[in-house]
Amino acid sequence: MKLAKYRDANGDHWGEIDPDAGTIRRIPEPFEEWAPEVTVKGPGVLKFDEGTIRLDTVKLLAPVHRPAHIYWLGLNYPNWPKPEDTDASVFFKSRTAIVGPDDTILFPKLITIQPQAYFVYEIELVAMIGGRGLADPKNGISDVLGYTIGNSGALRNNRVTCVGADIMGRSSARSSSAIGPWIVTRDELGGDSHPDLQMTLRINGEVRQKGRTGKMIWDMNRLLYEVDYRSRLVCGDVVETGTCGYVGVQDGVYDPLDKAEAEIEGIGVLRNQVEGNDPYSISPSQRPLGAHRSPQIYPHAVPDEVL
């Protein structure tokens, strides 16, 4: 089942979306009540208001429950450099960094004072926790409500701080990342097994990222365990699971007005456009221009077996 968050004249709601029919059925109960039930028993337990709502009369929002937390993992695919025998890299992301389907992605403001930094796209499978907590931390996938698509904007090569990497500056710039267009419940995407889905990201119609979620280094159970061990996962929390490699470019640098399409098999397509203002124009001579200007450590060439 596809579950969407939307806004109408009466506020924000959750509902079952039928994209082909162009309709939504509203779920009247609060998220905290129906999400745990659906996670355990399946979408058949959901109750809806009578009738349907036309999709063209509402605005789809990022399918994120507030005030949930957003976590993201780095270096979770074989094409990225990762020291042997290391733990997963887990970080927080600000909720204000998130926009929804068809919303505009903004360049991070830090670019205007750190012209050596550059802004890239990263397609990710995103898991939403529906359980009230991980009942079994080593089998966390059973507490996943479902999956959606993330296009995580990342600022690379930004300045370090006095205590190390500026992770907040890298991942939490306002309106820099998109999530959507809806959640597909776990039962349709592998159930309690790790999902193996094709991921493709296109920029202006050209494929720029390609991979399979089945190639993650840490599978869903392991990465949820790693997050929960550090900071307890609760209903509504969102986990971005890492990005695959690039195709045809060394690094996926955004240009103004780029049209991004992030597609994951079985879920759908998340579409966004980048703003038209060019922050690099302040110091154009330092602007990275994709493959031949970006640092060689990001990322490794994509082996065929990763695609």
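The largest nonpolar core here has 59 residues, a core being a set of buried Ala, Val, Leu, Ile, Met, Phe, Trp, Tyr and Cys joined through side-chain atoms within 4.5 Å. Buried means under 20% relative accessible area, exposed over 50% and partly exposed in between, with a 1.4 Å probe and protein chains only. This is a predicted model, where local features need pLDDT of at least 70 and side-chain atom pairs pLDDT 80 or more, while totals for chains, interfaces and linings use all residues. Residues are numbered from 1 along each chain as its sequence is written, and side-chain values use heavy atoms, leaving out hydrogens and water.

**Cores**
- Tyr 147, Met 220, Leu 224, Tyr 254 and Ile 267 have the most contacts inside the largest core.
- Another core, of 20 residues, lies apart from that one and includes Ile 27 and Met 128.

**Rings**
- There are 10 aromatic pairs, counting rings of Phe, Tyr and Trp (its six-membered ring) with centres within 6.5 Å; planes under 30 degrees apart are stacked, over 60 edge-to-face, the rest tilted.
- Tyr 121 and Tyr 246 pair edge-to-face, at 5.7 Å centre to centre and 75° between the planes.
- Those two sit 125 residues apart in the chain, and both Tyr 121 and Tyr 246 are buried.
- Ring pairs also tie Phe 107, Phe 119, Tyr 121, Tyr 246 and Tyr 254 into a cluster.

**A buried charge**
- Glu 275 is buried but has no salt bridge (a side-chain nitrogen of Lys or Arg within 4 Å of a carboxyl oxygen of Asp or Glu).
- Arg 174, the nearest side chain of opposite charge to Glu 275, is 6.6 Å away (Lys and Arg count as positive, Asp and Glu as negative; His and chain ends are not counted).

Technical notes:
Helices (H or I, at least four residues) and strands (E, at least two) are DSSP runs, numbered from the N terminus.
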